[in-house]
Amino acid sequence: MSTSFPAYEKLKTQNPKLKTFLYFCPQKKMTITEIQNTIIEDFSFLESWEDRYEYMIDLGKSLPLIDPQYKTDEYLIKGCQSQVWLHADNQGDIIHFTADSDAIITKGIIAILIKALSDQKAADILAANMSFIDKIGLKEHLSPTRANGLVSMIEQMKLYAKAITLKNN
């Protein structure tokens, strides 16, 4: 891993088993719950919210780029303080998400959600319990408008999963 992600390097020093950055190129298929538990574990090694914000910024920087054709109003998530574009592709019932944001913290938030939900079955996304967000303390450390945006991001991802489920049935 490049040293261009300082929070990752700091966390990696504390936890050599760090897995979060590997989600974009996983060695084995992980369930949503396994990914969420790994995110919880990774965040538990960070001592302060300043470190956690730095880590989220690094996660946002590691997010694969969304195709520019999807950075339009049609793909904007409504209800977010910042601009967040989200696109979903599917192969059968497996959904792959890409996203971008004009704000670095928000880009980190969507990166966490993509890590948890991307490349999963639509039914699993719909059934996913997103309480890991509370377990890492994210919602309580966001402004009310950012917290509303987080809820909107989750709702949009689940809406894509529902639409793909309906299309495939």
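How many residues does helix H2 have, and how far does H2 reach from its first C-alpha to its last? Helix H2 (residues 32-44) has 13 residues and reaches 18 Å, close to the 18 Å expected at 1.5 Å a residue. The expected span is 1.5 Å times one less than the number of residues.

This is a predicted model: local features need pLDDT of at least 70, side-chain atom pairs count only at pLDDT 80 or more, and totals for chains, interfaces and linings use all residues. Residues are numbered from 1 along each chain as its sequence is written, and side-chain values use heavy atoms, without hydrogens and water.

**Helix H2**
- Buried residues (under 20% relative accessible area, 1.4 Å probe, protein chains only) in H2 include Ile-32, Ile-35, Ile-39 and Phe-43.
- The buried residues of H2 fall within an arc of 160° seen down its axis, so they line one face of the helix.

- Three strands form an open sheet in the order S1-S2-S3, with antiparallel pairing; a pair needs at least two DSSP bridges.
- Strands S1 (84-91) and S3 (120-121) stand at the edges, each with a single partner strand, so one side of each lacks a neighbour in the sheet.
- Eight antiparallel bridges join S1 and strand S2 (residues 94-101).
- Helix H4 (residues 104-117) packs on the sheet and touches S1, S2 and S3; contact means heavy atoms within 4.5 Å.

**Ser-82**
- Ser-82 lies in the loop between helix H3 (49-62) and S1.
- Ser-82 is buried, with a relative accessible area of 13%.
- Beyond its neighbours within four places in sequence, Ser-82 is in contact with residues including Ser-101, Asp-102 and Arg-146.

Conventions
Helices (H or I, at least four residues) and strands (E, at least two) are DSSP runs, numbered from the N terminus. Axes are lines fitted to C-alpha atoms, for helices over the stretch in contact, and angles run from 0 to 180 degrees between N-to-C directions. Buried means under 20% relative accessible area, exposed over 50%, partly exposed in between (1.4 Å probe, protein chains only). The arc is that of the directions from the helix axis to the C-beta atoms.
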